[in-house]
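Subject: Structure handover

Hello,

Here is the structure for you to look over. Please open it first, then read my notes below.

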Amino acid sequence: MSESTAKKVFGDEYPVGETLTLSTQISDDQYQVTGVIKDLPENVHLKWEVLARTPQEFVDRIKENFGFTTGYSYFKTASPMAAVSIQEQSDLIFGRRFHEQ
């Protein structure tokens, strides 16, 4: 959780160990604050205020739905060429799936 979000939610209380409930159309899930970081700079690609796991019930509902996206996927590769290969393969896989529909 970012410092500014912790301040908004918890005020001057120490947030680590506190619990938050996130309600969605699928489920109500509780999350425990496990850390607070300084606010991210403006020039970052992935901007977030809170990071949390995706509830398993949600994962189960969308795991076969390749047209549903919730964000970015990142891979750590052993070499730059591995990254190129992953991109090429994913373009083939997802391009094929979208054209089949």
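This is a predicted model: local features need pLDDT of at least 70, side-chain atom pairs count only at pLDDT 80 or more; totals for chains, interfaces and linings use all residues.

Residues are numbered from 1 along each chain as its sequence is written, and side-chain values use heavy atoms, with hydrogens and water left out.

Overall fold. The protein has three helices and two strands. These are DSSP runs numbered from the N terminus (helices: H or I, at least four residues; strands: E, at least two). Along the sequence the order is α-β-β-α-α. Of the 101 residues, 12% are buried. Buried means under 20% relative accessible area, exposed over 50%, and partly exposed in between (1.4 Å probe, protein chains only). The accessible surface is about 8500 Å², by the Shrake-Rupley method with a 1.4 Å probe; for residues, only the protein chains shown count as cover. Carbon and sulfur atoms hold 53% of that surface.

Salt bridges. There are four in the structure. The term means a side-chain nitrogen of Lys or Arg within 4 Å of a carboxyl oxygen of Asp or Glu.

- Lys38 pairs with Glu3, with the closest N and O atoms 3.7 Å apart. Lys38 sits in the loop between β2 (28-32) and α2 (56-62), Glu3 in helix α1, and the two are 35 residues apart. Lys38 is exposed at 61%; Glu3 is partly exposed at 39%.
- Glu49 pairs with Lys8 at 3.8 Å, N to O. Glu49 is in the loop between β2 and α2 and Lys8 is in helix α1, so this pair ties together parts 41 residues apart in sequence.
- Lys7 pairs with Asp12 at 2.3 Å, N to O. Lys7 is partly exposed at 49%, and Asp12 is exposed at 71%.

Surface patch. Tyr14, Val16 and Val36 make a nonpolar patch of about 280 Å². Patch residues have over 30% relative accessible area and no salt bridge; like charges are joined within 9 Å, nonpolar side chains (Val, Leu, Ile, Met, Phe, Trp, Tyr) within 5 Å. Val16 lies in the loop between α1 and β1.

Glu18. This residue is in the loop between α1 (3-10) and β1 (19-23). Glu18 is partly exposed, at 31% relative accessibility. Leaving out residues up to four places away in sequence, Glu18 touches Phe10, Glu13, Tyr31, Gln32 and Val33; contact means heavy atoms within 4.5 Å. Glu18 and Val33 are 15 residues apart in sequence, yet 5.6 Å apart in space, C-alpha to C-alpha.

Best wishes
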